[in-house]
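Subject: Structure handover

Hello,

Here is the structure I promised to pass on. Please have a look before reading my notes.

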Amino acid sequence: MAEGIDLDSLREFLGRHARLFVLTGAGVSTDSGIPDYRDADGEWKRPSRPVQFREFMTDLATRKRYWARGVVGWQHLHRAAPNDAHRALARLERAGRVELLVTQNVDRLHQAAGSEEVVDLHGRADVVRCMSCERRIPRADYQAELVGLNPAWAGLGARAAPDGDADLAGADYESFRVPDCAACGGTLKPDVVFFGESVPRERVERAMQALAHADAALVIGSSLMVFSGYRFARAASELRKPIAAVNLGRTRADELLTLKVEATCARALAACIA
Ligand SMILES: [Zn+2]
């Protein structure tokens, strides 16, 4: 069957290229129960567009809605555990095969699985940052504060989304209380890169350096629809590095790929990485 042939090709690709630049996206975490943003055609599949950076920073109503949904969604994200895909990539690193793992996920599941050389391209959902004084606090602490101020919201069930957000159709967010930074009164924001916000340059530079040293690139569970990820496929192609991708559905870089495996990440990686 086709998938068997694909997996043989992936094993061969992994055998041929000693040092890998690994880029992962939401598809790596779907088997941990964290839903993907996009369907097989790369289209957005949630009912509402994600919150935009400028809107979050300038509009209190947006922050109320964001954090109210976050209180519910984070309970789900917080409980997620690594799956076979995370574990296989951690084994690959221990075998000395990973130049660097760059992830678009904010769930920290690669680190939980044992990967050490990781760039969290889009930040981390388990940290909250003050946009005025740069103070950082654990999301768990902020969660406790939010729940304390808004006890009625904590019990609400909702469909969880990848960034710990949740869809609560028709909810009234007006009464939700959002505490500001205890040190300076500044606006608190998850330490993740929002839409409309750029990825910090040092993360991109570290990733590009690793890519330059790698023999090949491995894209796992990303449609590369967002430029922050796509640029690495484009750079790999410009550097004439072979690229293999494991993803269900199309990617923005399909025409740049040396090998494409349409399978779930956990299944493909567990089968191909000893
Ligand atoms: Zn502050």
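Below are my notes on a metal site and a set of strands.

This is a predicted model: local features need pLDDT of at least 70, side-chain atom pairs count only at pLDDT 80 or more, and totals for chains, interfaces and linings use all residues. Residues are numbered from 1 along each chain as its sequence is written, and side-chain values use heavy atoms, with hydrogens and water left out.

The zinc site comes first. The zinc ion has the protein donors Cys130 (SG), Cys133 (SG), Cys181 (SG) and Cys184 (SG), 2.3 to 2.4 Å away. (Donors are N, O and S atoms within 2.8 Å of the metal, or 3.2 Å for Na, K and Ca; water is not among the atoms, so sites may look incomplete.) The site is tetrahedral, with angles of 100 to 115° among the four donor atoms. (Tetrahedral means that all angles of four donors lie between 85 and 135 degrees.) Along the chain, the donor spacing reads C-x2-C-x47-C-x2-C. Cys130 sits in strand β4 (residues 123-130), and Cys181 lies 51 residues away in the loop between β7 (166-167) and β8 (188-192). (Strands are DSSP runs of E, at least two residues, numbered from the N terminus.)

Cys130 is buried, at 0% relative accessible area. Cys181 is buried too, at 4%. (Buried means under 20% relative accessible area, with a 1.4 Å probe and protein chains only.)

Now the strands. Strand β2 (residues 98-103) has five of its six residues buried, so it is largely enclosed by the rest of the structure. β1 (residues 20-24) runs parallel to β2, joined by five bridges. Val22 stands opposite Leu101. β2 also pairs with β3 (residues 118-120), in the parallel sense, over three bridges. (Two strands pair if DSSP finds at least two bridges between them.) There, Val102 has Val119 as its bridge partner.

Best wishes

Note on methods
Tetrahedral: all angles 85-135°; square planar, octahedral: opposite > 155°, others 65-115°. Helix = DSSP H or I, 4+ residues; strand = E, 2+ residues; numbered from the N terminus. Buried < 20%, exposed > 50% of the residue type's maximum accessible area, 1.4 Å probe, protein only.
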